[in-house]
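Biologist: I am new to this structure. Could you take me through it?

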Amino acid sequence: MLNLTKSPKNLSGFQYLVQGCKLITRPGIKRFVLLPLLANVLFLGGSFWWLYQKLENWLPWIVSKVPDWMQWLSYILWPLAVISVLLIFTYFFSTIANFIAAPFNGLLAEKLEADLTGIPAPDTGVIALFKDVPRILKRELVKLRYYIPRALILLLLYFIPVIGQTAAPVLWFIFSAWMLSIQYCDYPFDNHKVSFPTMRSALRQNKIINLQFGATVNILTMIPIVNLVIMPIAVCAATAMWVDRYRDQHAPRIMP
């Protein structure tokens, strides 16, 4: 059974992510980290290289939309503009990368759960994995349907003077943290066929911890090099959280 600390219920979202760094190196798990890691390096690495090339042109345009009477605040609005662009594109790129790597992330979560609990996972070879791809991608589309309307509302805030340049980045950061928690925690939930609404309801019961987890992932995803390895670490951290906090309630029939 999982024994991360003497009192796993007291772990914070940040501490689960620290545990994720350790879990990706467990014997028998490392080979399942390779494919999510490769997908993340190729897509997220390339996307952020492109973004950093474009920032020099985009930021002056964003700041130019500030009314003349607020130009004296430009020294504050400039870093907020940088943060806004990074926040929006961080989640956008992460979402696409997770969509591509979803089958492999689900497999990593399944194998790690089996390793942590001592309960063997079902035999999921390459053929079985490919058969499950349509169901996994359908689940990713469910998450996108949840995300898109809320993201559009937040994006509209950016066009409101003052609010768009001050409050919107903060709200976007909180929303992205929540969505990243949903994204990564959903892999172990989905492996047990727990519905998306039930999963969201369960995460709300530990909302502060999940926001801590998502916020830390969000920050790390904006850091070059670190963002290339964050995906498998976050999957492992979310799986540890599942085992500690949700598994007994949502997978009660599976006993050691």
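This is a predicted model: local features need pLDDT of at least 70, side-chain atom pairs count only at pLDDT 80 or more; totals for chains, interfaces and linings use all residues.

Biologist: Which residues touch the most other members of the largest nonpolar core?

Modeller: They are L17, I182, Y184, F189, L203, F213 and V217, in a core of 57 residues.

Biologist: And which helix gives the largest share of this core?

Modeller: Helix 8 does, with 13 residues. At least two core residues also come from each of helix 1 (13-23), helix 2, helix 3 (74-117), helix 4 (126-157), helix 5 (163-191), helix 6 (196-204) and helix 7 (207-221).

Biologist: Take L203. What is it in contact with, leaving aside neighbours within four places in sequence?

Modeller: L203 is in contact with W178, S181, I182, C185, F189, N210 and Y246. Two of these, I182 and F189, are also named among the core residues that touch the most other members.

Biologist: Changing topic: how many salt bridges does a search of the whole structure find?

Modeller: The search finds seven. One of them joins E113 and R247, with the closest N and O atoms 2.8 Å apart. E113 is in helix 3 and R247 in helix 8, so this pair links parts of the chain that are 134 residues apart.

Biologist: Are E113 and R247 buried or exposed?

Modeller: E113 is buried, with a relative accessible area of 6%, and R247 also counts as buried, at 5%.

Biologist: Which residues are linked in a network of salt bridges?

Modeller: The network links R135, R139, E140, K143, D186 and D190. Within it, D190 and R135 meet at 2.8 Å, N to O. Because D190 lies in helix 5 and R135 in helix 4, that pair ties together parts 55 residues apart in sequence. R139 and D186 meet at 2.6 Å, and they tie helix 4 to helix 5 across 47 residues of sequence.

Biologist: Finally, which residues does the UniProt annotation "transmembrane region" cover?

Modeller: According to the unreviewed UniProt entry, the annotation covers residues 32-52, 72-93, 144-164 and 210-243. In the model, residues 210-243 are 88% helix and 0% strand, with the end C-alpha atoms 14 Å apart.

Methods:
Residues are numbered from 1 along each chain as its sequence is written. Side-chain values use heavy atoms; hydrogens and water are left out. A nonpolar core is a set of buried Ala, Val, Leu, Ile, Met, Phe, Trp, Tyr and Cys residues joined through side-chain atoms within 4.5 Å. Buried means under 20% relative accessible area, exposed over 50%, partly exposed in between (1.4 Å probe, protein chains only). Helices (H or I, at least four residues) and strands (E, at least two) are DSSP runs, numbered from the N terminus. Contact means heavy atoms within 4.5 Å. UniProt positions are given in the numbering used here, feature names are shortened, and annotations may be inferred rather than shown by experiment. A salt bridge is a side-chain nitrogen of Lys or Arg within 4 Å of a carboxyl oxygen of Asp or Glu.
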